[in-house]
Amino acid sequence: MPHDFILWKFAANAHAFGPGARSVPALHAYTSAMNMPASEPSDAPSAWTTPLRRWRRWWRSLPPPRQDRWATAAPLAAVLLFLAAIVAAFWYLRAEEAEREHEALKRDVEYTQQRIRLRLLERQEQIMRIARDLSNYELDRTAFATRAETLISQYPELQAITWIDEHRRIRASHAAPTVASSALRNAGELLGQNDTADTFALVRDLRQPVYAQATLAHGEILPMLELQVPLNHKGQFSGVVLSEYSSDSLLRYGAPTEVLARYAVTLLDGKRQLLAGTPLAPANPASRLLPWTRRSNEYEVPVSPVGNGLVVRAQAYRTSLGVVGSGLFWLVGTLSALTAWMLIATWRHTRKRLQAQQALVVETNFRRAMENSMLTGMRALDMEGRITYVNAAFCQMTGWTETELVGLKAPFPYWPESEHESMYARLREELSGKAITGGFQVKVRRKGGTLIDARLYVSPLIDAHGQQTGWMTSMTDITEPNRIREQLSASHERFTIVLESLDASVSVAPLGSEELLFANKLYRQWFGSQTEGHLQLLAQAGVLQIRDASAEGMDDEDGLMGLPSDPLTSARAGNAEIYLPDLGKWLEVRSRYLNWVDGRLAQMVIATDITPRRHAEELAARQAEHAQSVSRLITMGEMASSVAHELNQPLTAISNYCSGMVSRIQSGQITEESLLSALQKTAHQAQRAGQIIQRIRTFVKKSEPHRTLADVHSMVTEAVELADIELRRHSVRLTCYEAARLPHVLADTILIEQVLVNLMKNGAESIQQAQRPASGRSVELRVVPKQIEGRDVVEFSVQDTGRGLAPEVLERLFEAFFSTKQEGMGMGLNLCRSIVESHQGRMQAENIYNGSEVIGCRFSFWLPLAKSTETAIKSAANSAPPPPHNDNIPRTNA
């Protein structure tokens, strides 16, 4: 047996039976069984050497998973290819047989068409002789009838011969006895309006013989074929000779007998209507969809010289059982099924074997991977203390390889040199079975010389027969846990020091218990080591307390009743400011819930001493109040000359009235009515001076800040009366616009009046510095309700016609101690904004432009509306009745 053939046979077996036959040892075993040396094929050229080498190189280059898939898929592919080949072979045989039958049918139909054509041409030639004799007047009616009768009797396909003159009148006609009486043509009649008449006109025009299908007057098609031959006498059309053929007789006597025996031959007209013959019954349309159903074998061809008006069609009879009905088909099919079943059984066996092999490989790899991926080092000792096994983790911990450790006896290389005696003692305890159950901690020296902490656990090693063969030791590296434990201890110590050094009291107590879980140094200084201080802080801060369910009379109550439904530990920390008389301190108390280390829900309280801050806030409030009072005094000081001028007018009037009355009384020229009128005028001027003084006194009087439900109209009126004195001194016109029915605001009326007076006075001074003409010296005060930032407010705006503010001034306008006046202190606008913001309002300033020119400045601020509470309603009811509204009519004071 050739060497190459044996190798090829082995390759084929390896490919067919899976990976079990593809290894190199299997190749050696195979070649040994064949009494051949297990070597590579010789270099001598042969038909199998090169393909086999290429196949082996390709097979060895595949990874094992792909080799397994190829080996598994090969039998299945062979089964599919075998079945495909069988189906293709039967399909080809069936198609070849059908093609042969169709070619035979085609030849027979062509032969039949030739026979019918020759018969028609012979009859046409005979009819044309009669037509020629008629054209030459060699035949009369009797001779025409005699010759027609002779032709009809000799040729059964001829049914009738008719002589028709040029006027479509029948001159003579002779028909076979089989022609129906309704189809007879009588001498002297005219042709009717049908297809025969149309054919007559066509023959007259063409002067050629023309074939046509016979029809009745109402258009019904007869199984008759007409031939009209023209009569030409000296070049003139003189009529036609009409011959009529029976389609059935033409088929019966024209088609060969053997063709009629093998096929169903029929004659069809141009519209594929049946003229003669019996066609096969049509097949079931549903059966045509089946792939093994044979299509009908038929063929048709037009008969010349008639053309498409006469078609011969032949349909083959089903004379054989076909491919499916033959015994050879079933024999081959049975053998193919058996072969396919054997191949499938082989494929299933190979697949099961490969699955078992893969499961074994996966299980082995899993155990090996699990062993190598363990973070715990494993070491096995025999009964004599010799190392028999170490895993990868043990080698990684110690830095020594498996080959360097397996087989060694004590002292081992990973023992520290300074601890050999203690390690020997530990080893003797292990071998004697006295190892500690919970393990013990040792030092391990790595190959590089570094030391690590490790914990060893020792257990006996039992084999499959229940006999102890040694000791198994597991080693865990605890260097990092020890380091973390030390760091945690140091961190806890630092954290405790930080808490003890805080300037705030920190305490933690579980809910529903009087146990104090934690308290720092400051808490212990203030409250001692008891829980009373913790509970006192919570009680005064208004934080929810959880009562102890163990108290008497409360056994049926839920101690956690009333707590928020949200997770307590994620709730925001609450804070409150309380005063403890025992300590004499103000404390800011913050509390929150937390989970203690033992899982209990606890509450932490942080109390910070804010006594210095509270004192500073009180001092700042007194200073702010003092600054407001000083600002009002400064404002009135700046308006002193205007106030003196305003008071001088009523005082001068009073003096004049008194001097006049004295002089007239002394001269005795005054009447009682004149005296009464002079006294009334004097009293009016005195009241006017008193109102001015009272208004100034009220404005500059130092009082505690007091916010009440204030009437906007009253505040605006008082501010306008005070500022109008200064505006008249600067010859500035004041225009005031108030919206009707303004709501009340919660404000300190004196402070808001101070803001309005300051803004209007600043506007007048800005106009004075701009030196505007008399027509352009005006200040406008507008008070309207608005909605700003989603809140209902009242907006106050003061607009002047000065030069506006520079950009750098706008940026620092409300800063303290910033002023554009040489003698100014820079506190006016800063104090005004502080007053507005203390009322939860906002103030802003902007320039007024006419194109690019600044034509003035606008200061505005808004105050939120007061809430309609019972207290506010009572305050409004006790206040003075509101003045009449001005119905949105601007008020101007010259």
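# Briefing: strands, turns and buried residues

Arginine 168 lies in the loop between strand 1 (158–165) and strand 2 (170–175); helices (H or I, at least four residues) and strands (E, at least two) are DSSP runs, numbered from the N terminus. The model is predicted, so local features need pLDDT of at least 70 and side-chain atom pairs count only at pLDDT 80 or more, while totals for chains, interfaces and linings use all residues. Residues are numbered from 1 along each chain as its sequence is written, and side-chain values use heavy atoms, with hydrogens and water left out.

**The chain as a whole**

- The protein chain has 24 helices and 27 strands.
- Of its 894 residues, 37% are buried; buried means under 20% relative accessible area, exposed means over 50%, and partly exposed lies in between (1.4 Å probe, protein chains only).
- The protein chain exposes about 51700 Å², and carbon and sulfur atoms supply 55% of that area; accessible areas come from the Shrake-Rupley method with a 1.4 Å probe, and for residues only the protein chains shown count as cover.
- Among contacts in the protein chain between residues at least 6 apart in sequence, 59% join residues at least 24 apart; a contact means heavy atoms within 4.5 Å.

**Strand 1 and its partners**

- Eight of the eight residues of strand 1 are buried, so this strand is largely enclosed by the rest of the structure.
- Strand 1 and strand 5 run antiparallel and are joined by seven bridges; two strands pair if DSSP finds at least two bridges between them.
- Strand 1 also pairs with strand 2 in the antiparallel sense, over five bridges.
- Tryptophan 163 stands opposite valine 241 in strand 5, and in strand 2 its bridge partner is alanine 172.
- The hairpin of strand 1 and strand 2 has four residues between the strands, and arginine 168 takes a positive phi there.

**Serine 243 in strand 5**

- Serine 243 is found in strand 5 (residues 236–246).
- Serine 243 counts as buried because its relative accessible area is 0%.
- Leaving aside neighbours within four places in sequence, serine 243 is in contact with Ile127, Leu158, Ala160, Ile161, Leu225, Glu226 and Leu227.

- Strand 6 (residues 263–269) and strand 7 run antiparallel, with two bridges joining them.
- Leucine 267 stands opposite alanine 276 in strand 7.

**Backbone exceptions**

- Most residues other than glycine have a negative phi, and most peptide bonds are trans.
- Arginine 168 has a positive phi of about 65 degrees although it is not a glycine; with a relative accessible area of 27%, arginine 168 is partly exposed.
- Glutamine 840 is not a glycine either, and has a positive phi of about 60 degrees.
- Glutamine 840 sits in the loop between helix 23 (828–838) and strand 25 (842–850), and it is partly exposed, with a relative accessible area of 44%.
- The peptide bond from serine 304 to proline 305 is cis, with omega near 15 degrees; proline 305 is found in the loop between strand 8 and strand 9 (307–316).
- A cis peptide bond also runs from alanine 410 to proline 411, with omega near 5 degrees; proline 411 belongs to the loop between helix 12 (402–405) and helix 13 (420–431).

**Helix 10**

- Helix 10 (residues 327–373) has 47 residues and reaches 67 Å from its first C-alpha to its last, close to the 69 Å expected at 1.5 Å a residue; the expected span is 1.5 Å times one less than the number of residues.
- Buried residues in helix 10 include Phe329, Ser336, Ala340, Trp347, Thr350 and Leu354.
- An α-helix has 3.6 residues a turn, so residues three or four places apart point the same way.

**Cysteines**

- A search of the whole structure finds zero disulfides; a disulfide is a pair of cysteine sulfur atoms within 2.5 Å.
- Cysteine 736 is buried, with a relative accessible area of 2%.
- Cysteine 857 is buried too, with a relative accessible area of 3%.
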